[in-house]
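Please read this short report alongside the structure shown below. The report covers confidence, the make-up of one chain and a contact between chains.

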Amino acid sequence: MPGFAHLRTVSGFSLRYGASHPERLAERASERGMDALALTDRDTLAGAVRFAKACAGAGVRPLFGVDLAVATAEPVHRDRRRTPVRGGAFVDESAPRVTFLARDGARGWAGLCRLVTAAHAGGGAPLLPWAGQHGDGLVVLLGPGSDVGRALAAGRPDRAAELLVPWREIHGDALRLEAVWHGRTGTGPGSLRLAARTVGFAAEQGVRPVLSNAVRYADPGAGPVADVLDAARRLVPIDPRGELDSGEAWLKDAPTMLGVAERVVEAAGFRRDTAHRLLEQTLATAAECRVDPEGDLGIGTVHFPEAHLVGAGRRTAQRALASRAAEGMLRLGYGGRRAYWERMHQELDIIAHHGFASYFLTVAQVVDDVREMGIRVAARGSGAGSLVNHLLGIAHADPVEHGLLMERFLSKERVVLPDIDIDVESARRLEVYRAIIGRFGTERVATVSMPETYRVRHAIRDVGAALSMDPAEIDRIAKSFPHIRARDARAALEELPELKRLAGEVRREGERFGRLWELVEALDALPRGIAMHPCGVLLSDASLLARTPVVPTSGEGLPMSQFDKEDVEDLGLLKLDVLGVRMQSAMAHAVAEVERVSGERIDLDAVEPGDPETYRLIRSAETLGCFQIESPGQRDLVGRLQPAGFHDLVVDISLFRPGPVAADMVRPFIEARHGRAPVRYPHPDLEEPLKGTYGVVVFHEQIIDIVSVMTGCGRGEADRVRRGLSDAESQGRIRVWFAQRAAAKGYDAETIRRTWEIVEAFGSYGFCKAHAVAFAVPTYQSAWLKAHHPAAFYAGLLTHDPGMYPKRLLLADARRRGVPILPLDVNVSGVAHRVELVSESPVVWGLRLALRDVHGISEAEARRIADGQPYSSLVDFWERARPSRPLAGRLAQVGALDAFGANRRDLQLHLTELHRGARGGGGDQLPLAGGRKTAPAGLPDLTSAERLSAELGVLSMDASRNLMDDHREFLKELGVVSARRLREARHGETVLVAGAKAATQTPPIRSGKRVIFSTLDDGTGLVDLAFFDDSHDACAHTVFHSWLLLVRGVVQRRGPRSLSVVGSAAWNLAELVEVRHTEGLDGVAARLAGPSGADGSPAGGDGGPLRARLAGSEGLPAPAGSAAPDPMADRTIRLSTGYEMHPWADLRPAGQDAAQGPASLRKLWHQSPGSAG
Amino acid sequence: MTILCVRFQLPPMYEAALPELLGLLEEFTPVVEALPPDGALADLRGAERYFGRGAVELASVIRVRALARYGVDCAIGAGPGPMLARVALRHARPGVTCAVPEDAVAGFLADKPVAAVPGVGAATARTLDDYGLDTLGRVAAAPLSTLQRLIGAKAGRELREKASGIDRGRVVPNAVSRSLVTERAFGIDELDPGRHRRALLSAAEEIGSRLRAVEKVCRTLTLTVRYAGLPHSRPRSSGGTPTSTTRSRTLREPTAHSADLTRAAYGMYEALGLQRARVRALALRAEGLTPADHASHQLTFDPVDEKVRRVEEVADRARAKFGPRAVMPGTLALVRAPGRPTAA
């Protein structure tokens, strides 16, 4: 009984074609007793590394290949079809496809990489030009999809023989004819007749035939999934009467394939036992394709750019690094300090030990280049712990001063590649990439890819479209889901309160949705596209193109490796993370604005540390827009922690991480800091590492020190131990080892026990101090800007929009801080937000809104308008700035043309006529009144509500006043407490609050429950809300799906600056305003009596105080003791650290993003009276 | 208070019942104008005196009779002129007749949306809305010149008159249904051009035989293709009517000949060049209906044309006798109906 090897198998990395993950395929191959399995994805090798790893795990030998569309030797002429008026043209899949398998080790792999690169080089759909063919270490399978196979299907063996000639010329003996039988009728692909013809033709031509199953999915029964993928790829609905997937393309086992072979050879007119020969040929081909994942793909080896490219000249990289480091010592003035020299030499030893010198030089080179371009750059990550990095100018902060450890970054004991991340201005990130490519050449540099995988929303959209569902309904269903995994779709329907309405619909009319849910779940995590990773850049020696296929990115045309971050690390390719950070861009803009208007040059990297003004701002917790400390949770933490220096900022940033929050480090720290609890150390020896944080373990560095002190094992080993702590299994071993070593050093059992408790509890949660220091630098810089140059700071923020909040909230914050907001004006506004002098004494700087924020304006239009300033009249503006008609209309609506006279509607009319005149070529004179002013036409001007609505629609910001101002009257009637007055509210008081939703989150929290955090803006300030799960049934839907909210809740006070409202009922304020308008107060009363607020009592009753007690002081609820049996309990996601996460936590919530602005929600809250319809 | 505007609550595809209902109105006044597919205007100036009742009372009588005799309910608006009666109809429900008071016309109109006026379509209404002229009161207050700049000289003048309550329209008696429509819907998003053509053929056949049945010819054929929306387009938030494409073609000569209609329909369809569009329905509308005996027909020397018309005549008679599926083109017989008529 011969075995079988599948030579043609695609995984999900064949976008919208394969239905199984490579891991699943490898697993199934092993289960079904196969020794070898090929992965031949369409147009990509992206799955190869995962596949290789999975195969190693499953004990299957991996074969690598790719399935490419190939241009035929002679080009085909095709009639041009008429361009459709609607719906677009069919996706052209007519190019014949051929499978290439790598044969001779590294040569074969390099050949595959080259083929894929060549196929993608042309842009558009991947197509391998005939000239790109080569026979280097490859086996070629001509299957039913190839030109030869098609000729056979058409019943033209003569033509097939003709077409075979050029293939033979190139590939000679490495050519195979591939027979596939999927039980189809007729003579098309997958039919028995074509398979038989192929085998017969192969015998006739003396080419070896092989049998494959053209596998698309691992298990039987996935045919409908393949249909959905086909539909999504071709952008057409599934036609149930058309040719559907046969359901046979699964990973069949050897006996089944023998049966297939027997049918095929019999149909070809051979004896039944010839089937064995067909299978033998297949196995022989598999045996030929020998590529070793380690040796040939290069997994496990490292390749750095050649030393001469990174400024080493003729010296070795290590020598060059040593001399540059020494130079840095002198430059930074550490020359006289012995500790620094020792540390430097120690680090250089470690680097030499690993041979990573080129790596440091490469990064230093990149950073130097970026600085030279005048782009702000900062290092982040554990790399900041290395003094050498600091000396080379990569990291800003001095690691010795801040107590950062090299060992956290790199040690002799650590065998993985170190990584240094650098932050650059986001707006100029691509410039940086181009500079790197320019420096090292395209043969050494590529960006890293990132597969975009199906999550629930996309899966619903694609399946719904394939099933011919109504697009509006698909849209509604997709939007009602939070951003969860597709496989959880049905579970979410059952469990999530905000999906209750949809779930009811599904229950009532399930048949309308057909197989929707099943198929949605089947698409889970399949790649649906490949995008450029936002930060990874590969740097290698000149052999890069032989080790990774490189394709151009769709937008920017940058070279991109098909491998993603993890693959690249496995392949031993050096990756440098170049992150575009919007805050850096924002700060750069702010600094430039200050220089433009006042001539004052600010060097942010040199601003005075410990500026009292800055820390006063931070302590006030009004840190909206400040890097890392602007989220509601952070504002709360900052308010309680009251940072007074840089170190406090570092601690603050480290504490606000899921780990420390989960491990309850926050409360003891705050207690100790404010002297409410004594500082305790397990042993006096540990005072040194723990002193800075009042005995609470916050940083990884502290764990390393503790372990090192207690066991005397050295910090390098201690870091290895720390990494082992997150794994439950190795934790047990470490515990024994720790106890022995510590006992040997003479510590008593009690100390060891208590120390171990700390290490065990916090070891895997802490935060890397080097990270935190690197983060705290821009945090301080941004806060400094906000304190000293608020107008410029807001200009930068609004221009580069770095934050988590919608722009209109930043505007409200600016207004509150007394920065005048100057309206958009085509004669004054620039492309970006600007600073403008409003009054000389006292000097007040205002913020002038930018043209770029106008909806639908293009960069070129904005530039043209700004360049042509000033304009003397409407006609002048129209003729010189040449705005598009809709754009001009929008500008008029928001008052940017008010300077030209007439009211905004009259201006609209004039613009329309100018537009008409320009089209007709007439160029009629406009009626003018009083010189250059535009004559009024007698149209009613925009009412104030309409103006606000226009501002929201066009700028997504309420520029002239806060939108809540319009509802003051009504809110007063309701007795709503404003955010400002809320600060005086008592703890435990039941209040009504209202506002526009600014942010909503469901972060993972300590108790493993799901809590909805929301922030409202009411013009006087922000109100932070928390909804605990007992209120979700009543509130979740409203909170997620409305923009203006009215909430009843209980005040939670945890400090002078720290308070939030625990919500118990929520209403859509926009709806209530409408009701108030149409039905009066009685209507509102009826609405409030209705079900949305029906849960009533818990808010004001005993629920409130109880909740308050449970909530603990860190603002997050402590475990709720003996809570009622929770239906969610069995779905809780337990992380390896033992920390439980609610399955629905940490998701982007359902509904529209608050940050997307109100443009699409506009009509919810404002309706012009008596409009049409 | 003399003109009534009646809208019968006819299910679509039952417009054939309209003539009978018009007959009912003609029992009150000879001046009845049909508003296909389901409405009519009736001038009751003489009737009021004859029956000794006001228009609103007569409206109730009409409703009762329509219900009693035909089982068809109706909504009725009343006003001094046809335009005002039609505006009034928008606010009427079966059983609640809305009447425009003769002396307070301007006040009645002031807060009505502009689209309420017949002749103001979606496009005009949108234009006026954009300029803040969303109610008739505001339109009446706007300067005439501005209005004319907005929507054109003639339309501007007429709209302003209408908005001020000046109704110059008259009820013109005619009994002709001026258009015929039929629609073929698909159960799934249909991309197959073969099925599209089959649906068109069946629709054109139906239009042809219905025209011949009432002895009319049509001058213009209109094709409307309704889509399920584009696979990746952003559906409108309202999720309202699906997007559609409309094409019209004026026929070489007015005709009711199915083959000519089919050819015209195919021509319009081919010109769209549809490939991936998700077609949910195809509708054909025959417009510009005139009596068949007024139509001219270009004779040819080709005997085939003559024969085809004779065959059609015979087929019509066979269908009249043995039902609509007795004789049909082979393509349509092959597969059972390529889509159901929407409401039948």
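## Confidence and make-up

Chain A has an average pLDDT of 83, and 89% of its residues score at least 70; pLDDT is the predictor's confidence in each residue, from 0 to 100. The model is predicted, so local features need pLDDT of at least 70 and side-chain atom pairs count only at pLDDT 80 or more, while totals for chains, interfaces and linings use all residues. Residues are numbered from 1 along each chain as its sequence is written, and chains are lettered from A and ligands numbered from 1 in the order in which they are written.

Chain A contains 48 helices and 23 strands. Helices (H or I, at least four residues) and strands (E, at least two) are DSSP runs, numbered from the N terminus. The elements of chain A with the lowest and highest mean pLDDT are listed here.

| Element of chain A | Residues | Mean pLDDT |
|---|---|---|
| Helix H48 (lowest) | 1162-1165 | 31 |
| Strand S6 (highest) | 208-212 | 95 |

Over residues 1093-1141 of chain A, pLDDT stays under 50, and the model has 82 contacts beyond four places in sequence for this stretch. Two residues are in contact if their C-beta atoms, placed from the backbone, lie within 7 Å. Residues 1151-1173 of chain A also have pLDDT below 50, with 50 contacts beyond near neighbours in sequence.

Of contacts in chain A between residues at least 6 apart in sequence, 74% join residues at least 24 apart.

The contact between the chains takes 35 residues from chain A and 36 residues from chain B. On the side of chain B that touches chain A, helix H6 (122-130), helix H8 (144-151) and strand S6 (179-190) of chain B are the elements that give two or more residues.
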